[in-house]
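Please open the structure in a viewer and keep the selection tool at hand. The stops below are meant to be taken in order.

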Amino acid sequence: MNMQHVLIPGFEKLASFVFWYPFIMSLFWIAGTLIYIRYRDRDPKVDFSAVDWPLVSFLVPCYNEEETIEETLKHLLALDYPSKEIILINDGSTDGTADILKEISRNHPEVRVIQLYENKGKANALHLGAHASKAEFLICLDSDAILDQDAPYYLIHHFLHKGERLGAVTGNPRIRNRNTLLSRIQLVEYSSIIGSIKRTQRILGKVMTVSGVVVAFRKKALVDVGLWDRDMITEDIAVSWKLQQRFWDIRYEPRALCWMLVPETLKGIWKQRVRWAQGGQEVMLRHWKVLLKWKQRRIWIVYLEQWISTFWSFAWLFVTLMLLVTASSPQDMLFWFTFTSFSLVFMSLIQLFIALKIDSKYDNVKRYYVWAAWYPALYWIVNTVVVISAFPRAIRSRVKGGYATWSSPDRGLTKSKS
Amino acid sequence: MEQSRPRLNEEQIMIQAKQPLARLVISIIISSVFWLYCAIVLWFFLSAVIGVNDRYSGVLKIAFKTTNGEIRTFLVIGLAIFCFFFLALFLWRFYNKKRFGSLNRRKEPAYTSIKDLERLELLSKKQIQELQRAHYIEFNVNPLKHTEERKHA
């Protein structure tokens with residue numbers, strides 16, 4: 001009998017869980033993705049000229065965005081969506097953003113600007129934008145993101161076509177900076193792992209979150225749930241849960257492309273991912289009562305999957321450390337060369353390739369297959385450690401309360417743009 | 001018909017910058033090592049499926065104390081789990097479409113009024129109207145009621 005089994009009763013079961021959980025979930029995401037492709041990804045084309053498009057407010061909260069906001073605005077102004085207003089909201093920036101917005105306001109009468117000189121977080125800025133907006137439909141966009149010409153049409157069309165229960169439509173974020181290894185690995189991750197989870201959740205009918213980088217909301221639904229939570233670090237996850245608990249639907253529209261920047265340093269990724277993980281855990285801690293309500297049963301699977309994934313991260317760390325401590329030879333420490341590791345890498349490769357193939361329909365990502373090996377071999381460990389690191393922060397944040405403010409992670413090579 | 005419309009040119013959108021050569025070479029070398037590892041994994045399972053026991057995959061099977069038959073059984077279990085999920089999700093989608101697909105379960109909601117916004121108790125009616133009228137507006141202090149204040153209001 002192995003040493004770990006003697007020292008810790010149930011160790012074998014825990015180790016089995018560490019293996020079987022990601023293996024089974026991988027099969028689940030693959031199955032969901034294939035069903036989505038078979039039945040959902042065949043949405044009829046939209047004749048843009050045959051629709052009476054309603055007024056849309058584009059809300060762009062800005063915190064220290066002097067490098068990116070002008071480019072974002074340039075592309076927003078170039079959108080040919082027929083009825084739009086653009087509202088830029090400065091959230092107490094400490095760089096030159098306030099001056100740039102003042103200048104924009106002078107030069108572009110079609111752009112409205114709200115200058116708040118206190119930094120109170122993205123959710124607070126969106127609150128101001130929602131109050132200022134004259135439209136019923138809001139498209140919230142990150143200030144470093146560029147919306148595709150067709151994206152507003154695809155997003156808003158959902159509300160007009162059998163969308164009476166629809167609270168939000170989330171778009172398809174694509175990565176603009178693809179020059180470094182880290183951004184390429186993230187590109188593979190977004191296209192495959194994140195993409196397949198989103199597609200499966202769409203089939204389930206409940207999603208973990210909208211993509212805060214580009215999402216369209218019905219204002220009535222937002223008001224119904226009290227707008228965004230200003231005390232949550234990830235307002236997009238929090239509002240998704242509030243909407244779904246009030247039975248507002250959320251849809252995913254992969255044709256609504258939005259080009260964004262991702263961090264290109266390990267520190268930047270770490271900061272961003274810890275915030276995401278913390279945000280998810282904060283929401284799970286806040287909304288635990290969904291498990292007590294039969295009416296909320298459709299969201300249980302998403303809720304439980306989040307908790308089990310969090311538990312899995314800790315279990316993986318524990319099992320790995322135990323195996324390292326009790327290893328009797330250096331060969332025992334070569335975790336990459338075990339049957340369980342091989343099986344998980346095998347599943348991960350299948351999932352990556354199916355999802356990448358599907359995703360290349362929207363953006364030519366096939367050439368980035370070459371970087372796909374990083375995910376199953378190493379990169380997934382970053383995400384696991386991030387979840388572990390975020391957990392105490394989430395608990396601390398729930399106890400402490402107050403406004404949730406944050407700054408954007410590094411945007412890599414924005415300055416060297418051609 | 002969907003119109004043919006000017007799309008964003010990828011050249012315009014993508015951030016173009018050259019990576020330092022040394023970094024590129026290192027990342028290619030490490031990627032190659034990872035691909036080699038992935039290739040070993042793929043061959044390990046493929047060789048079991050086709051019943052081959054060459055010296056490379058054979059060593060691994062001995063080290064993992066497993067046989068081609070056991071690996072095949074494992075893959076069949078994986079396939080069965082996949083089929084179960086596929087069928088479950090297919091039936092779930094089918095049920096939802098049949099049960100709810102044709103229903104309008106909610107009336108088309110009316111547009112949000114100033115009164116609706118007022119009910120949130122974050123801003124006064126005057127403030128909301130002022131915000132909606134303004135082309136450019138400045139606030140030194142956050143005009144929205146504090147998140148804690150609101151909780152206890």
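This is a predicted model: local features need pLDDT of at least 70, side-chain atom pairs count only at pLDDT 80 or more; totals for chains, interfaces and linings use all residues.

Residues are numbered from 1 along each chain as its sequence is written, chains are lettered from A and ligands numbered from 1 in the order in which they are written, and side-chain values use heavy atoms, with hydrogens and water left out.

**Stop 1: the sheet**

Select the strands of chain A along with β1 of chain B. Helices (H or I, at least four residues) and strands (E, at least two) are DSSP runs, numbered from the N terminus. Two strands pair if DSSP finds at least two bridges between them. What is the order of the nine strands in the open sheet? It is β5(A)-β8(A)-β6(A)-β7(A)-β4(A)-β1(A)-β2(A)-β3(A)-β1(B), and the pairing is mixed. The edges are β5 (146-147) of chain A and β1 (136-139) of chain B, each of which pairs on one side only.

**Stop 2: strand β6 of chain A**

Now select residues 166-175 of chain A, which form strand β6. Because 10 of the 10 residues are buried, this strand is largely enclosed by the rest of the structure. Buried means under 20% relative accessible area, exposed over 50%, and partly exposed in between (1.4 Å probe, protein chains only).

A:V169 has A:A216 in β7(A) as its bridge partner.

**Stop 3: where the chains meet**

Show both chains and colour them separately. Contact means heavy atoms within 4.5 Å. Chain A gives 108 residues to the contact and chain B gives 84 residues. Buried area is the accessible area (1.4 Å probe) that two parts lose on being put together, summed over both. Between chain A and chain B this area is about 8,700 Å², with 63% from carbon and sulfur atoms.

A salt bridge is a side-chain nitrogen of Lys or Arg within 4 Å of a carboxyl oxygen of Asp or Glu. How many salt bridges are there between chain A and chain B? There are three salt bridges. One to select is A:K220 with B:D116, where the closest N and O atoms are 3.0 Å apart. Helix α2 (residues 11-40) of chain A gives the most to the side of chain A that touches chain B, with 12 residues.

**Stop 4: chain B and the annotated spans**

Chain B has seven helices and one strand, in the order α-α-α-α-α-α-β-α from the N terminus. Of its 153 residues, 33% are buried.

An unreviewed UniProt entry places the feature "transmembrane region" at residues 21-51 and 71-95 of chain B; UniProt positions are given in the numbering used here, feature names are shortened, and annotations may be inferred rather than shown by experiment. Residues 71-95 of chain B are 100% helix and 0% strand, with end C-alpha atoms 36 Å apart.
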